[in-house]
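Thanks for asking me to look this one over.

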Amino acid sequence: MKLFLTLALLVCAVVLHAQEAPRTFADDQSRFELSYPAGWQPRAEEEQTMAFSPGGAGSEVAVTLTESIVPLGKGGRPLSTAARDSAWVRRIRRLPEAQVRLLQRRAQAGYEELRYEYYYGAVAVGRTHVLGRLLRRGKAEFRLEYRAPINQDSRYLAVGQQLLDSFAFTKPAARKDGATPLPAATPAPRAEAPETSAGCDDKMYGIAAYRFHDGQWQDDCRTIHEFSLSDPTAPPKVHRRVLPFQSYALAKGFDNCLYSVASAPTDRPEYVYRYNPATREGRYTSWRLPAQGLETGWISASTDAGGNLYFLTGDGNRLARVNPKDGSVWLIWASDPTRAAPYYPAIGFTGAGTHGNFCVDEKGTVYMVYSTDGALLRVDLKTLRPNPDLLPIDKLPRRGGYSDVLLQYDAAGQRSLYLAGPKAVYKLDPVRRQAQVLRRGTYTDLAGCNLFQPPPSLPQPAAAQTASWQGRVLDAFTRQPLPQAQLRVGPAGSEQELPLSLQGSFSYAVAPGSSYAYHARLPGYLDADSTLAAGPGTVDRDILLRPLTIGATLPLKNVQFEQGESVLLRSSFPALDKLVALLKDNPSLTIELRGHTDNVGPPEKNVLLSEQRVATVKAYLVRRGIAADRITGLGLGGTQPMASNEQEETRRLNRRVEFRVTGLQ
């Protein structure tokens, strides 16, 4: 039987930023369909394989679709178990410098699905990125796979992800009892609700930028404050550290739940997190935003009149839209449209403030706020054309620190603009272009949706109720198992020892939406300390321990100083105490402390400041019993940045202290 006989070209209702409609591919039996970009070329490679690529045959970038029959005897095995034990996974692990990032099973209506992601190849030659879906329905398996050199991800990963996500079954699988299940791509029928604004309440929310802890102010970005517009000056209802990650982006859906995504720059797609402030429960959705790159992060989120959720990167270059009705995710633009505005040279120069915080009004206008002076930029979502004029706001108290704008109806029913600024939230009069202080507090993003009429009740986003973390403790260089390592895992502050098998493997049950800390140690290796934000399904993630070798460099996480000074903050002590333990466990170890700053200020002063901070860290170690002659120091100022210095969210990554192994006996 030929799998692919019919190629149907249909106009899709959703358009990308290029405004060219994608095309639809369907098989001859109308069992499934998928959408691919108009500029990509489909081709049959084998009888059971179809490929889609931007350059035709010979292209390094491609998405393939392959159908196969489940081997006899394996049809009853859970897909997650079959995948983990298969020769396919073993072949992946044998690839040069292979790193499996994701193996995650999802239970769907009428079929099983496994999402996977891995990298392989030497850095010097060029690593390859593979992202895929394995779907099993009855005795048939469908594998969709994006494969490309990692240096092509910035151009093609988001489009490839959309192609993978667009695959859906359109014809239900036959059942032995003759019953017909709902197609997997069709939501269950629901009663129509009256179109009133009762579904979206008047509450407004904000992500708190700071928290007062251990006698000092520290970065937070995980706590949500809840306000009522009937009395916005009243103390907020605090949802303390309910996000499993630090975030700058928050949107409120028509279900009165809050949606957020991690702020840390990353080169891989990110899951959207859903938090219900009524029940104080949260979990990851199945929605994944496209990779945003290593030099920026998702900085703001908003809602439109159709209940869609939007997320924008800090540089303004990527706007993604999530449709909660069907779970589809689309990239609306991949280049900042305000670059075409006459005012852009005045706000887009190196070192200028950001304008990635935004909201959407009921007419489809995007309002973006310029962080330096609070002026508003406007873009039409339908045409992606910017308004040629800035909208300045008078009577704002100071320059710098404006982090979001939100349109809401106030308690009197008036359409109002709210602005998150330095240490306060302001209410704007857009006609008079004036602002007044509404309440105190510093917030990274605001969320509300009472401006819109909600559609009928939306289904809850699918999320797994149970999950597990499976992996191995490995040598970072040889990838050999380390069964003698000590591993502790659990909620932060309550970690417990987790036994390893003879192959260095482990399995740990987790709750989706929760965050877990882990600590792995072994004499002769650098300790590994990090956290895992548990998503739905099974996560396959190994822990890599780096051997103590001369020249190895490791950052001292969370080592912080007073602004512009060399005085350590108390939050730095746990990380430094771990370094003390490492030095005591390895008495022949000698190190060099290396201090770094950003590029703000005179270079010579930055070098001096980094030297002073290195001296402070060394003094801390010596006071705790480490011989001074085992520690040298070097202040490098801003000469070795690890991220861009153009935006504050990445500039802060350059303010760090590291240590380098200089001797072992």
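1. **The chain as a whole.** Please keep in mind that this is a predicted model. The chain has seven helices and 44 strands. Of its 665 residues, 52% are buried. Among contacts with a separation of 6 or more, 55% join residues 24 or more positions apart.

2. **The largest nonpolar core.** This core holds 26 residues, and Leu34, Trp40, Phe52, Phe142, Tyr146 and Phe167 have the most contacts inside it. At least two residues come from each of β2 (32–36), β4 (49–53), β5 (62–69), β8 (128–137), β9 and α3.

3. **Helix α3.** From its first C-alpha to its last, α3 reaches 19 Å with 14 residues, close to the 20 Å expected at 1.5 Å a residue. The helix is mostly covered, with 10 of its 14 residues buried. Those buried residues are Asp153, Tyr156, Leu157, Ala158, Val159, Gly160, Gln161, Gln162, Leu163 and Leu164.

4. **Helix α6.** How far apart are the end C-alpha atoms of α6, and what span should its 21 residues have? The ends are 31 Å apart, which agrees with the 30 Å that residues 603–623 should span at 1.5 Å a residue. The buried residues of α6 are Asn606, Leu609, Ser610, Arg613, Val614, Val617, Tyr620 and Leu621. Seen down the helix axis, they fall within an arc of 140 degrees, so they line one face of α6. Just after the helix, Gly625 takes a positive phi of about 100 degrees.

5. **Aromatic pairs.** The count comes to 17 aromatic pairs. Phe142 and Phe167 form a tilted one, at 5.9 Å centre to centre and 40 degrees between the planes. Phe142 lies in strand β9 (residues 140–149) and Phe167 in the loop between α3 (153–166) and β10 (168–169), so this pair ties together parts that are 25 residues apart in sequence. Phe142 and Phe167 are both buried. Tyr402 and Tyr426 also make a tilted pair, with 6.5 Å between centres and 50 degrees between planes. Tyr402 sits in the loop between β27 (385–386) and β28 (404–409), and Tyr426 in strand β30 (residues 424–429), so the pair ties together parts that are 24 residues apart in sequence. Tyr402 counts as buried at 2% relative accessibility, and Tyr426 counts as buried at 2%. Elsewhere, ring pairs link Tyr116, Tyr118 and Tyr120 into a cluster.

6. **Charges over rings.** Two arginines deserve a look if you care about such contacts. The charged end of Arg137 sits over the ring of Phe169, 4.1 Å from its centre. Arg288 lies over the face of Tyr271, at 4.9 Å from the ring centre.

7. Most residues other than glycine have a negative phi. Cys221 has a positive phi of about 65 degrees although it is not a glycine. This residue lies in the loop between β13 (216–219) and β14 (224–228) and is buried, with a relative accessible area of 5%. Lys423, likewise not a glycine, has a positive phi of about 65 degrees. Lys423 is found in the loop between β29 and β30, and at 57% relative accessibility it counts as exposed.

8. **A buried serine.** Is Ser416 buried or exposed? Ser416, in strand β29 (residues 415–421), is buried, with a relative accessible area of 5%. Not counting residues up to four places away in sequence, Ser416 touches Leu406, Leu407, Gln408, Asp410 and Lys427.

Methods
Residues are numbered from 1 along each chain as its sequence is written. This is a predicted model: local features need pLDDT of at least 70, side-chain atom pairs count only at pLDDT 80 or more; totals for chains, interfaces and linings use all residues. Side-chain values use heavy atoms; hydrogens and water are left out. Helices (H or I, at least four residues) and strands (E, at least two) are DSSP runs, numbered from the N terminus. The expected span of a helix is 1.5 Å times one less than its number of residues. Buried means under 20% relative accessible area, exposed over 50%, partly exposed in between (1.4 Å probe, protein chains only). The arc is that of the directions from the helix axis to the C-beta atoms. Rings of Phe, Tyr and Trp (its six-membered ring) pair if their centres lie within 6.5 Å; planes under 30 degrees apart count as stacked, over 60 as edge-to-face and the rest as tilted. A charge sits over a ring if NZ of Lys or CZ of Arg is within 6 Å of the ring centre and within 35 degrees of the ring normal. A nonpolar core is a set of buried Ala, Val, Leu, Ile, Met, Phe, Trp, Tyr and Cys residues joined through side-chain atoms within 4.5 Å. Contact means heavy atoms within 4.5 Å.
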